[in-house]
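Hi,

Here is the structure I promised to pass on. Have a look first, and my notes follow below.

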Amino acid sequence: MAFEPPRRLVRALGETAPEGDDWLEKLPELAREAVERRELTVERVQLPGGRSSLVVLVRRADGTPAVLKLAPPRARPESERVALAHWGGRGAVQLLEPVSEGAEGAEGVLLLERLHPDVSVRTLPEAKALLEAAGTLRRLWVDPPEGHVFETVAERTGRQAKAMRAAADAAPEVAPLVDAALSAREELLDSPPEHRLLHGTFRQSKVLSGDRMPWLAVGPDPVVGEHAFDLARLVRDRVEDLIAQPSGATTTRRRVRRLAESLEVDRDRLRGWTLFRAVESGVRARRVGRERDAELLLEFASWL
């Protein structure tokens with residue numbers, strides 16, 4: 001079978017690929033090798049797929065349905081592997097190969113339980129979707145494994161802050177929002193209330209229907225830090241719908257309050273991290289030419 005990367009993946013990786021990165025060119029051969037080594041039967045490549053990995057629906061030698069995921073090193077697939085193993089299927093998709101899988105060719109390849117890829121909590125009415133997503137996220141907040149090497153919130157946002165400052169220097173019109181976001185970050189990092197293992201990129205589309213449990217999280221980019229950082233990305237879910245509402249700003253502030261209360265997170269800390277993450281995403285979208293996304297995100301951030 002030909003493993004052609006989906007257009008969505010090609011476009012997304014093309015926006016951020018460092019010079020000389022040839023992972024996409026190698027991907028078809030990497031996929032063939034991964035399938036052969038595990039004696040898998042391929043059903044189909046999942047379309048439209050994700051923005052950072054190739055997802056292939058497969059069956060194992062015993063007929064069990066599974067998912068083969070291949071991701072480039074910059075997507076930190078080995079960090080995802082360790083986090084999924086630590087969660088052990090509690091709130092997240094089950095890893096079907098052990099972390100100690102040191103065989104040649106294992107790096108960047110994850111074999112996962114099959115969920116229902118076309119059914120996420122985003123298909124539910126908004127209030128129900130937020131409730132189910134929040135409940136799933138709560139199960140993921142555990143102490144990180146001893147001696148972990150996960151990136152911390154301070155480290156990740158420190159890298160992002162540098163890019164945000166550069167964007168503000170190049171585009172003065174976004175400087176006030178960037179300044180507010182960076183100030184919020186500095187204050188929040190001064191006294192974090194907990195250091196827990198976080199999903200890192202949690203949103204409604206990252207919670208899929210399963211057979212073992214009704215809803216399970218997929219696609220983590222794990223990081224260690226406070227709960228409010230993880231919850232912040234969920235606040236802006238369906239941002240296009242929020243922007244379209246005359247009461248979008250009021251609805252956003254109400255969502256911050258409700259999510260903070262339901263997950264026992266400090267409201268002001270959630271608001272601060274929501275501001276930082278929205279501005280960071282908006283600035284990054286602008287940098288790669290996704291002007292419409294940037295406009296929505298920065299307007300959303302201005303409400304906070």
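Before the notes, one term: when I say contact, I mean heavy atoms within 4.5 Å. Keep in mind too that this is a predicted model.

Helix α3 (residues 77-87) lies across β3 and β4, and runs at about 35 degrees to β4. Helix α2 (residues 23-37) lies across β1, β2 (54-59), β3 and β4, at about 150 degrees to β3.

Now the sheet itself. The four strands form an open sheet in the order β1-β2-β3-β4, and the pairing is antiparallel. On average, neighbouring strands here are turned by 30 degrees against each other, direction ignored.

Six bridges join β2 to β3, and five bridges join β3 (residues 65-70) to β4. Ala 66 of β3 turns up in both pairings: its bridge partner in β4 is Glu 113, and Ala 66 is also the bridge partner of Val 58. Further along, Lys 69 stands opposite Leu 110 in β4. β3 is also mostly covered, with five of its six residues buried.

Cheers

Note on methods:
Residues numbered from 1 in each chain as written. Predicted model: local features only at pLDDT ≥ 70, side-chain atom pairs only at ≥ 80, totals over all residues. Heavy atoms only, no water. Pairing = 2+ DSSP bridges. Helix = DSSP H or I, 4+ residues; strand = E, 2+ residues; numbered from the N terminus. Axes fitted to C-alpha atoms, helices over the stretch in contact; angles between N-to-C directions. Buried < 20%, exposed > 50% of the residue type's maximum accessible area, 1.4 Å probe, protein only.
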